[in-house]
Amino acid sequence: MSEVMEKRPETKNDAGALDAIVVGGGLGGLYALHRLRKLGLKARAFEAGSDVGGTWFWNRYPGARCDVESLEYSYSFDNDLQQEWHWPERYGNQPEILTYINHVADRFDLRKDVQLNTRVTSAEFDLGTNKWTVKTDKGDVVTAPFCIMATGNLSTPRVPDFKGIETFKGKWYHTGLWPHEGVDFTGLRVGVIGTGSSGVQMIPIIAKQAKHLHVFQRTANFSLPARNAPMDPVIETRHKSEYLDRRAAAYETPFGIAGFPPPTKAAMDVTAEERQAQYEAKWAEGGSISFLYSYTDLLVNKEANDTASEFVRNKIRSIVKDQAVAELLAPKDHPIGTKRLCLDTNYYETYNRDNVTLVNARATPIVELTETGLKTTEAEYAFDAIVFATGFDAMTGALKEIDIRVGNGPTLAEKWDGGPTTYLGLMVAGFPNMFTITGPGSPSVKTQMIVAIEQHMDWIGDCLTAMRARGMHRIEPSLEAERNWVQHVNDVADSTLYPLANSWYVGANIPGKPRVFMPYVGGFAGYKKRCDAVAANDYEGFVMSR
Ligand code: NA7
């Protein structure tokens with residue numbers, strides 16, 4: 001039993017005497033349980049889904065696949081696990097990743113601490129007892145000194161508020177709430193709304209099934225070929241022999257992924273021919289980080305970025321036969337990489353099919369859904385099925401949905417009314433003993449997510465150990481530390497091209513969401529060093545108390 005637990009007063013609802021409540025049973029929540037258990041702490045996780053897996057449990061749409069290579073996109077905390085697990089392809093698809101997560105849950109006996117089918121509705125901290133009381137939609141009331149929010153960054157699916165949606169007589173789906181039994185679009189008239197990563201992955205597959213597919217594109221996105229392929233046994237063997245070194249090296253990189261030689265040259269310092277050859281090589285290799293690693297300045301210098309953006313636009317023009325369609329698909333309103341760069345298999349090629357039509361939903365926006373399909377400002381379309389690939393209330397949505405409060409203070413949603421504020425993306429001033437795994441203000445979605453999850457949870461574990469050693473029961477960031485960090489996150493973003501795009505990184509996809517750049521783009525390596533320095537420097541910026 002931990003000192004933290006021993007010293008706190010007990011309450012009526014304390015049955016089970018938890019040290020921490022974990023919200024979420026995805027990659028973050030499962031690792032939190034494992035790490036806490038290693039520390040001898042007792043934790044319970046609540047998961048809304050009927051099984052573990054988080055993002056990979058919900059996003060079952062056709063073609064759902066990770067855009068980070070499978071040998072990288074996996075836990076590093078157990079060497080036997082990473083040595084034994086075999087990934088069948090270069091990039092893991094959704095079923096494979098979900099199988100892996102389930103394996104981890106079983107292998108480390110984590111399931112017994114996850115309560116499924118249970119959504120956390122509120123969390124209230126009592127300043128007198130230093131404990132969180134968490135309530136769920138199943139009527140649970142549990143208390144614990146610490147609350148760990150592993151609620152995910154892309155876990156609140158968003159269907160646009162279209163008039164008439166309830167009148168549509170066909171079937172409609174959202175990519176992030178996909179039916180478990182799958183959907184067969186064979187012979188159907190299908191409309192897909194949205195051309196982000198989810199749309200780009202699913203459109204080529206649905207096009208092969210549908211009688212006719214209409215794609216409603218509001219913003220053209222850059223997409224690169226994934227070049228997915230069966231796992232090369234030579235690569236796998238070599239990677240596994242280097243796994244420990246690679247994982248360590250990943251901590252020294254901006255994206256938390258080792259193996260890509262960092263760029264050494266600026267795009268504008270080389271000739272146009274050299275740039276072309278470099279981009280061609282990266283295009284042939286496949287992968288987004290590798291492409292953005294072509295030059296040092298692609299995400300900070302617009303002129304440099306223009307060269308890479310134009311290269312991809314020209315690729316689109318060469319792939320898509322109808323040049324009017326190609327121009328519509330060629331993104332011109334944001335620099336490449338400033339919205340999430342998509343990876344695809346035959347995305348642009350799909351528009352050469354006779355049964356696929358691209359609709360410009362910017363020029364002719366969707367006005368409403370009807371009984372038989374949908375209407376834009378210009379035309380009416382008949383569909384048997386409509387798919388919303390319209391994204392998520394990213395990074396803050398899931399946290400703001402929970403009624404999180406401390407005494408009589410404002411809720412977290414109220415505090416974040418003007419945009420999220422955190423210290424290091426780990427904690428929020430005024431909300432003691434609540435940690436946010438890969439919270440806004442941390443590198444999170446700009447890294448290999450699992451490395452970010454492990455780094456956060458390891459830091460949190462060390463913090464709890466330090467508190468235990470000092471006999472401390474409460475921790476929260478100072479308002480000043482939070483303000484300075486938020487300023488730093490903004491300053492770093494403003495030194496890049498990222499804010500030029502209307503992306504979900506700035507909440508632009510949610511009407512009314514304050515435009516704040518949410519992820520930390522100063523690089524994972526520097527961020528980790530900062531977190532480590534904060535801890536080493538007596539948890540600088542945090543206030544601990546009994
Ligand atoms: P995204 O990347 O947020 O994409 C959503 C798409 O839906 C995007 O093209 C939007 O256009 C479009 N959208 C949203 N609302 C509408 C309306 N009302 N009309 C037309 N089009 C609309 O979500 P994804 O699920 O594809 O990907 C999310 C992340 O998951 C991805 O970045 C990876 O990190 C994994 P917009 O660009 O806003 O004009």
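This section describes the domain arrangement and the salt bridges of a predicted model.

The chain is divided into domain 1, which comprises residues 2–156, 394–472 and 523–540, and domain 2, which spans residues 165–388. The centres of the two domains, taken over C-alpha atoms, are separated by 30 Å, and the contact between them takes 42 residues from domain 1 and 42 residues from domain 2. About 3,600 Å² of area is buried between domain 1 and domain 2, with carbon and sulfur atoms giving 50% of this area.

On the side of domain 1 that touches domain 2, two or more residues each are given by helix H3 (55–58), strand E3 (65–69), helix H4 (79–84), helix H15 (449–470) and helix H17 (524–536). By class, this side of domain 1 has 16 nonpolar, 14 polar and 12 charged residues. Three salt bridges are found across the interface of domain 1 and domain 2. In a salt bridge between Arg-340 and Asp-67, the side chains meet at 3.0 Å, N to O.

In total, the count comes to 31 salt bridges. One of these joins the side chains of Arg-189 and Asp-384 at 2.8 Å, N to O, and this pair links distant parts of the chain, given that Arg-189 lies in strand E11 (residues 189–193) and Asp-384 in the loop between strand E18 (380–382) and strand E19 (385–388), 195 residues apart. Arg-189 counts as partly exposed because its relative accessibility is 32%, and Asp-384 likewise counts as partly exposed, at 27%.

In the salt bridge between Glu-368 and Lys-375, the closest N and O atoms are 3.6 Å apart. Glu-368, with a relative accessible area of 17%, is buried, because the cut-off for this class is under 20%, whereas Lys-375 is partly exposed, with a relative accessible area of 30%. Beyond such pairs, Glu-310, Arg-313, Arg-317, Glu-327 and Lys-332 are linked in a network of salt bridges.

Methods: Residues numbered from 1 in each chain as written. Predicted model: local features only at pLDDT ≥ 70, side-chain atom pairs only at ≥ 80, totals over all residues. Heavy atoms only, no water. Salt bridge = Lys/Arg side-chain N within 4 Å of Asp/Glu carboxyl O. Helix = DSSP H or I, 4+ residues; strand = E, 2+ residues; numbered from the N terminus. Buried < 20%, exposed > 50% of the residue type's maximum accessible area, 1.4 Å probe, protein only. Domains from an automatic or database assignment. Contact = heavy atoms within 4.5 Å. Buried area = accessible area lost by both parts, 1.4 Å probe. Nonpolar A, V, L, I, M, F, W, Y, C, P; charged D, E, K, R; others polar.
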